[in-house]
Amino acid sequence: MDTYDERTRPLGVTIIAAILGISAILALLVLVLGLNRVSTLGLGAGMTPATSTALLGALIWGFFELALAWGLWTLRPWAFWTTAIIEAARVIFGLSVVFVLREAILAGILSLIIPIIILVYLFADRSVRAAFRTSST
């Protein structure tokens with residue numbers, strides 16, 4: 001049976017996991033510092049439900065990204081598929097920006113580059129797929 005110790009993490013997966021982890025930590029840090037600033041200035045009392053919901057969503061997303069980074073780092077199969085789904089959703093979003101918001105075509109095209117690179121890397125490199133594959137025995 002394959003275990004994490006017996007498998008080698010491809011360099012690209014290491015880079016993706018590290019960037020995702022750093023991004024999640026920075027986002028959570030900014031969120032905590034921002035919430036601290038809001039409470040220090042006494043602005044929290046005037047916070048709308050939509051703002052509170054957005055902040056809660058950002059907090060949940062930050063912890064989700066941290067878990068995803070850990071899953072990629074430790075070569076969990078669920079992390080491979082979750083990353084693939086998220087990047088596919090980002091491609092769809094980028095395409096919608098290109099074709100729906102005609103004023104933002106350049107932004108839409110730029111937002112497509114990284115998700116497409118990640119998807120191609122995840123599915124085209126056999127060593128990546130093999131690293132995330134687990135034996136059923």
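The model is predicted, so local features need a pLDDT of at least 70 and side-chain atom pairs count only at pLDDT 80 or more, whereas totals for chains, interfaces and linings use all residues. Residues are numbered from 1 along each chain as its sequence is written, and side-chain values use heavy atoms, with hydrogens and water left out.

The protein chain contains five helices and zero strands, helices (H or I, at least four residues) and strands (E, at least two) being DSSP runs numbered from the N terminus. Along the sequence the pattern is α-α-α-α-α. Of the 137 residues in the chain, 28% are buried; buried means under 20% relative accessible area, exposed over 50%, and partly exposed in between (1.4 Å probe, protein chains only). Contact is defined as heavy atoms within 4.5 Å. Among contacts between residues at least 6 apart in sequence, 71% join residues at least 24 apart.

E87 lies in helix α3 and is buried, with a relative accessible area of 6%. Not counting residues up to four places away in sequence, E87 touches P115, I118 and L119.

The largest pocket holds about 320 Å³ of space. Of the 17 residues that line this pocket, those closest to its centre are I16, E87, R90, I114 and I118. On a 1 Å grid over the protein atoms alone, a pocket is an open set of points with protein on both sides within 12 Å along at least five of seven lines, while a cavity is a set where a 1.4 Å probe fits but cannot get out; lining residues have an atom within 4 Å of a point. Grid points are joined across faces, edges and corners, and the volume is the space filled by probe spheres set on the points. Helices α1 (11–40), α2 (49–73), α3 (77–100) and α4 (105–124) each supply at least two residues of the lining, and α4 gives the most, with five residues. The lining divides into 12 nonpolar, two polar and three charged residues, where Ala, Val, Leu, Ile, Met, Phe, Trp, Tyr, Cys and Pro count as nonpolar, Asp, Glu, Lys and Arg as charged, and the others, Gly among them, as polar.

Six aromatic pairs were found in a search of the whole structure. F80 and F123 form one that is edge-to-face, with 5.3 Å centre to centre and 75° between the planes. This pair links distant parts of the chain, as F80 in helix α3 and F123 in helix α4 are 43 residues apart. Rings of Phe, Tyr and Trp (its six-membered ring) pair if their centres lie within 6.5 Å; planes under 30 degrees apart count as stacked, over 60 as edge-to-face and the rest as tilted. F80 is buried at 3% relative accessible area, whereas F123 is partly exposed at 36%. Ring pairs join F80, W81, F123 and F132 into a cluster.

L75, in the loop between α2 and α3, has a positive phi near 60°. Most residues other than glycine have a negative phi. L75 is buried, with a relative accessible area of 0%.
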